[in-house]
Structure formats: C-alpha cells, structure tokens
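Thanks for coming. I will take you through one structure this morning, a few residues at a time.

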Amino acid sequence: MARDYRKEYDRYQGTAAQKKRRAGRNKARRGAIKSGAAKKGDGKDIHHRNNNPLDNSSGNTVVRSASSNRSFKRNKNAGHA
C-alpha cells in the first residue's frame, strides 16, 4: 500500500498548531542566518534546548549538525537515556 501524503498533510502537518510550530522553526533558522551562526545549505539544524519551537530566545537555540539534532541520547538497552 502506497503512502498517502495528501492525507498525512491534512491530518497532521496541515493543522493550525503544526503550521505555527513549523513557522517557529523557520523563524529560528532565519535568525541564525541573519546573525551569521548558520548559512544556507550548510547542513546544520537549529536545536531548541527546551524542545519548544515557539521559544526562539537566544539562550534556547543553538546550531547543531543535523545528525545530532535529529537523534536522542540512548541508554545501553537502546532506549531513551
């Protein structure tokens, strides 16, 4: 069975709450580019320390590699640390 991207967008990504969170992430990225901390196409992500993409305060955001930002710490049993 093929993945229904239209349905997926309508049910999750297209909701008002998710649009607001995505806009917050984009705003953080634009701010990092403007300050010189990130560059277009650098392969980096903006990490929100408190996991809230709507909180773009300078103490909450940091530029990280995509691999480290899209992962989480694991314990010896491969679970969340």
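Which loop holds Asn-60? Asn-60 sits in the loop that runs between strand S1 (44-48) and strand S2 (61-65). Helices (H or I, at least four residues) and strands (E, at least two) here are DSSP runs, numbered from the N terminus.

Before going on, the ground rules. This is a predicted model, in which local features need pLDDT of at least 70 and side-chain atom pairs count only at pLDDT 80 or more, while totals for chains, interfaces and linings use all residues. Residues are numbered from 1 along each chain as its sequence is written, and side-chain values use heavy atoms, with hydrogens and water left out.

On confidence: pLDDT is the predictor's confidence in each residue, from 0 to 100. The protein has a mean pLDDT of 93, and 99% of its residues reach 70 or more. Confidence is lowest in helix H3 (residues 66-69), with a mean of 92, and highest in H2, at 97.

Back to Asn-60. Is Asn-60 buried or exposed? Asn-60 counts as buried because its relative accessibility is 5%; buried means under 20% relative accessible area, exposed over 50%, and partly exposed in between, with a 1.4 Å probe and protein chains only. Not counting residues up to four places away in sequence, Asn-60 touches His-47, His-48, Arg-49, Asn-50, Asn-52 and Asp-55. Contact means heavy atoms within 4.5 Å. A polar atom of the Asn-60 side chain lies 2.7 Å from the backbone oxygen of Asp-55.

Asn-51 lies in the loop between S1 and S2 too. At 61% relative accessibility, Asn-51 counts as exposed. Its phi is near 60°, a positive value in a residue other than glycine. Most residues other than glycine have a negative phi.

Next, Asn-69, which is found in helix H3. With 21% relative accessibility, Asn-69 counts as partly exposed. Leaving aside neighbours within four places in sequence, Asn-69 is in contact with Asp-45, Ile-46, His-47 and Arg-64. The side chain of Asn-69 makes a polar contact with the side chain of His-47, at 3.0 Å. A polar contact is a pair of N or O atoms within 3.5 Å; within protein, one must be able to donate a hydrogen and the other to accept it, and residues adjacent in sequence count only if both atoms are side-chain atoms. A polar contact of 3.4 Å joins the side chains of Asn-69 and Asp-45. Between Asn-69 and His-47 there are 22 residues in sequence and 6.2 Å in space, C-alpha to C-alpha.

Now the helices. At what angle do H1 and H2 pack? Helix H1 (residues 5-13) and helix H2 (residues 16-35) pack at about 85°, and their axes are 7 Å apart. Axes are lines fitted to C-alpha atoms, for helices over the stretch in contact, and angles run from 0 to 180 degrees between N-to-C directions. H1 and H2 are therefore roughly perpendicular to each other, a label that covers 65 to 115 degrees, with under 35 roughly parallel, over 145 roughly antiparallel and the rest oblique. On the H1 side, Tyr-9, Tyr-12 and Gln-13 meet Gln-18, Lys-19 and Arg-22 of H2.

Last, Glu-8, also in helix H1. Glu-8 is partly exposed, with a relative accessible area of 27%. A polar contact of 2.8 Å joins its side chain to that of Arg-3.
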